[in-house]
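This report asks how the parts of one protein model are arranged. Please look over the sequence and the structure before reading on.

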Amino acid sequence: MIQFQKASGEELSLQFQEVKAQRDGYSEDNKILRKNLSDALEQVSQLRQALFGRSSEKTTEQSPAEDSCEIPSDPLDEDSTDDVQLPPVPVPVLKNRTGGSNKRGIRELDTSRLPKYTVCEEPDTAAYNEKYGQEGWYVLSYEEHREVVHFREMYALKVTKTPVIYVKQESCDMDHEIVRQPRKEPLYSGSLASPSIVADIMHKKYVLFQPFYRQAQELARKGLPLSRQTMTNWVNTITIRVLRIVYMFMCSELCRQGHVQNDETTAKVIDDGRKAGSTSFIWVHVTSELDHEGSFWRIPLSQSTMATAREP
């Protein structure tokens with residue numbers, strides 16, 4: 001038994017010496033690795049200073065590679081007594097949404113900053129005298145129609161007053177009659193659009209290549225807060241109504257050419273009856289330089305051509 005205990009103690013002593021020798025070897029390897037890491041960080045710091053220069057800003061937490069050669073304690077080093085401090089995890093703050101009143105949209109355009117002038121139309125005296133008699137009518141009031149006009153890079157609010165005629169009892173079959181004098185048909189009924197301002201918007205958009213949002217900013221600086229949605233609506237609606245004759249005339253003249261050139265451009269359309277993102281095409285057809293005699297600009301206007309262009 002004593003001999004067995006002596007043998008066991010010798011084996012344990014040998015095993016302890018072996019473990020201690022391994023530990024010393026690992027410590028030497030750890031020192032060499034840390035020295036190599038320090039040299040590498042120093043080289044990186046020198047390269048960074050050579051490329052970008054030393055920062056003049058002072059920070060509360062400076063990099064150990066830039067200010068000192070000391071290596072922070074290794075978290076896996078068992079001999080280190082420093083505790084690893086992890087940064088606190090920020091806790092998201094949930095904000096309670098308070099219910100607020102929904103603001104109603106402004107449907108009328110604010111024209112308070114625009115200069116204003118009034119045009120009073122005179123009643124057609126001869127026509128009313130012939131129909132109702134000289135003493136059978138008088139101007140009861142004026143009906144106002146507003147529109148924004150543009151001239152010389154200036155915007156103003158034009159108010160046109162059309163007379164409303166009150167017809168007396170002796171001049172009509174009824175007790176009395178109120179007649180509105182017919183006025184010039186507006187460019188876009190129910191809006192402030194006028195030919196001058198729409199022409200100016202289209203000129204800046206398609207000739208000067210100025211987008212609607214830039215025009216909206218410029219108009220706001222001049223006292224007219226016109227949104228780009230309104231400008232788009234004006235241009236799209238008025239183009240179909242007014243320029244349809246010009247479009248049909250150009251189509252009829254293009255079909256008469258001996259040579260036609262076209263260009264194909266792909267586009268992504270959201271809603272055209274197909275799956276969203278499907279590829280669509282835009283074709284642009286123009287006259288050809290090969291057809292000099294039948295060039296669009298050389299063909300004189302004729303009554304038959306204009307009659308064909310007016311057809312829907």
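The sections below go from the overall fold to helices and then to single residues.

## Basis of the model

The model is predicted, with local features requiring pLDDT of at least 70 and side-chain atom pairs counted only at pLDDT 80 or more, whereas totals for chains, interfaces and linings use all residues. Residues are numbered from 1 along each chain as its sequence is written, and side-chain values use heavy atoms, with hydrogens and water left out.

## Overall fold

The protein has eight helices and six strands, these being DSSP runs numbered from the N terminus (helices: H or I, at least four residues; strands: E, at least two). Their order along the sequence is α-α-β-α-β-β-β-α-α-α-α-β-β-α.

Of the 312 residues, 21% count as buried, where buried means under 20% relative accessible area, exposed means over 50% and partly exposed lies in between (1.4 Å probe, protein chains only). Contacts (heavy atoms within 4.5 Å) with a separation of 6 or more come, for 59% of their number, from residues 24 or more positions apart.

## Helix H4 and its packing against H6

Helix H4 spans residues 195–206 and packs with helix H6, residues 228–242, at an angle of about 100 degrees, their axes being 10 Å apart. These axes are lines fitted to C-alpha atoms, for helices over the stretch in contact, and angles run from 0 to 180 degrees between N-to-C directions. H4 and H6 are therefore roughly perpendicular to each other, a term that covers angles of 65 to 115 degrees. On the H4 side the meeting residues are Ile197, Val198, Ile201, Met202 and Tyr206, and on the H6 side they are Met231, Trp234, Val235, Ile238 and Thr239.

The end C-alpha atoms of H4 are 16 Å apart, in agreement with the 16 Å that its twelve residues should span at 1.5 Å a residue, the expected span being 1.5 Å times one less than the number of residues. Buried in H4 are Ile197, Val198, Asp200, Ile201, Met202 and Lys204, and the elements covering the buried residues of H4 include strand E2 (137–151), E3, H5 and H6.

Within H7, the buried residues are Met248, Phe249, Ser252 and Glu253. They lie on the same side of H7 because they cover an arc of only 135 degrees around the axis, the arc being that of the directions from the helix axis to the C-beta atoms. Tyr247 and Cys255, on the other side of H7, are exposed.

Gln257 is found in the loop between helix H7 (244–255) and strand E5 (260–268), and is buried, with a relative accessible area of 9%. The side chain of Gln257 reaches the backbone oxygen of Glu253 at 2.7 Å, a polar contact (a pair of N or O atoms within 3.5 Å, one able to donate a hydrogen and the other to accept it). The C-alpha atoms of Gln257 and Ser288 are 8.2 Å apart, although 31 residues separate the two along the chain.

## Two individual residues

Thr162, in strand E3 (residues 154–167), is buried, with a relative accessible area of 1%. Leaving aside residues up to four places away in sequence, Thr162 touches Glu121, Ser141, Tyr142, Glu143, His145, Gln181 and Arg183.

Phe209, in the loop between H4 and helix H5 (212–221), is exposed, with a relative accessible area of 69%. The phi of Phe209 is near 55 degrees, a positive value in a residue other than glycine. Most residues other than glycine have a negative phi.

How values were computed
Angles under 35 degrees count as roughly parallel, over 145 as roughly antiparallel, 65 to 115 as roughly perpendicular and the rest as oblique.
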